[in-house]
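Here is a friendly walk through one chain, written for someone who likes to know the cut-offs behind each term. Have the viewer open as you read.

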Amino acid sequence: MKKKIICSIMAACTMLLLPQFPIPANAQNGRENPDALLAAYESYQQRFNEITERSQMGENGFEVIEGQIFPIVTEGFGEVSLIPALEKTYHRLALFFADGEGNIVYKTDQLEVNNRSRGELHQPIREVRAVSFQELNGDGLMDIVLIVTCMNGRGAYAGKPYKIGDVLFQDKGGFYRDYRISDKINRFGMNKSVESIAAFVRDGDSAEFLYTSATKQELLDNGFEIAWEQCHYRQFEKLGRLEVVPGTYTMANFATFMIYLVNEQGYIVWSFQPMGEYDNLYALKGITCRDIDGDGMKDILVLARYSYGGSENELMTENDYAIYYQRTGGFYEDTEMKKQYPCRDEDTVSGLVEKARAYWGW
């Protein structure tokens, strides 16, 4: 059996209230001037490279995240302090490792979170959510699990917080990341907690099958638990007779909620993930399939209660709903009605259907 957790630090952080990210002044027709962008990146990289002592961080534009400084014993540098810092202009995260005299013996800004807005120097980091030290890959060296919260300043999901997880593996020369592991952690929603990341990296558990399975049986074979009381067949005008299959997959005590539409041969023809960036399904309140927008085709509305960690890592619960409108090519998720009718604790499935129909004028 691989080594258990040696040291795990789940430090709740004070939210870093960063300004919204304006479109740079050198933008032209929605795109940044490439020469100006290159000059800005080279300036940033030069400032990053010039930091050789802890005392130089501020003068080079990096703000230390004081509540997340931890001692760690490394193979190549002995006992050092891990110092996360945020570059104040572009909101890029860097990790510095300082010895007892304050000398920087190792540093990296090659983190998954700095690739969220691909091709952009500005990044949407809001806070460092958790740092944990664990032995994950069986080599006897302590690795680092990192979770941050991001929030986009513009675009379709502006203002909605989401988590990004990463793992830095230790070796004799310092730390490295495996981009394939980082990609799967975030693409398949395994970034909700340190425990979820460790379950994937160390123990081999994975939620990937929720998004790649072709059949209902494949879901069941991988541990998907169907909510049978909400499972039923419906005739969808454009897709035929399908079984509505809601359920969960639990990984490190976090239940991921999914809904699948399965044809009579057992193949998945459509899937939904209503829980968005919530951590866990707390309770499924109901699912209905009926025409909501008045076009004569059945839509899907789901109401559930979800849980997530608050700013102090306390357990928070919240009701939320999702509506999926049937169209000729499949389904698309509502985004506009929810802006007008946010979910309340007293809402019911039937009540939300009435509100949605009123929104559509019938």
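## Strand 6, covered on both faces

In strand 6, Leu93, Leu95 and Phe97 on one side and Ala94, Phe96 and Ala98 on the other are all buried, leaving both faces covered. Buried here means under 20% relative accessible area, exposed means over 50%, and partly exposed lies in between (1.4 Å probe, protein chains only). Strand 6 spans residues 93–98, and six of its six residues are buried. Helices (H or I, at least four residues) and strands (E, at least two) are DSSP runs, numbered from the N terminus.

A word on the basis of all this: the model is predicted, so to speak of local features a pLDDT of at least 70 is needed, side-chain atom pairs count only at pLDDT 80 or more, and totals for chains, interfaces and linings use all residues. Residues are numbered from 1 along each chain as its sequence is written, and side-chain values use heavy atoms, with hydrogens and water left out.

## The neighbours of strand 6

Two strands pair if DSSP finds at least two bridges between them. Strand 5 (residues 78–87) runs antiparallel to strand 6, and six bridges join them; Ile83 has Phe96 as its bridge partner in strand 6. The hairpin of strands 5 and 6 has five residues between the strands, and His91 there takes a positive phi near 60°.

Strand 7 (residues 104–108) also pairs with strand 6 in the antiparallel sense, over four bridges. Here Phe97 meets Tyr106 of strand 7 as its bridge partner. The hairpin of strands 6 and 7 has five residues between the strands, with Gly102 at a positive phi near 85°.

## Helix 3, largely enclosed

Helix 3 (residues 194–201) is largely enclosed by the rest of the structure, because seven of its eight residues are buried. Those buried are Val194, Ser196, Ile197, Ala198, Ala199, Phe200 and Val201. Their cover includes strand 8 (125–134), strand 9 (143–151), strand 10 (161–171), helix 2 (179–187), strand 14 (240–251) and strand 15 (254–262).

## Helix 7, buried along one face

In helix 7 (residues 349–359), the buried residues are Val349, Leu352, Val353 and Ala356. Seen down the helix axis, they fall within an arc of 105°, so they line one face of helix 7; the arc is that of the directions from the helix axis to the C-beta atoms. These buried residues pack against strand 17 (280–290), strand 18 (299–309), strand 19 (315–327) and helix 6 (337–340), where contact means heavy atoms within 4.5 Å. After helix 7 comes Gly361, with a positive phi near 90°.

## A loop with positive phi angles

What phi does Ala252 have? It is positive, about 55°, although Ala252 is not a glycine. Ala252 sits in the loop between strand 14 and strand 15, and its 25% relative accessibility makes it partly exposed. Asn253, in the loop between strand 14 and strand 15, has a positive phi of about 70° and is not a glycine. At 72% relative accessibility, Asn253 counts as exposed.

## The chain as a whole

The chain holds seven helices and 20 strands, and its C-alpha trace spans about 70 × 55 × 35 Å along its principal axes. Of its 362 residues, 49% count as buried. Among contacts with a separation of 6 or more, 52% come from residues 24 or more positions apart.
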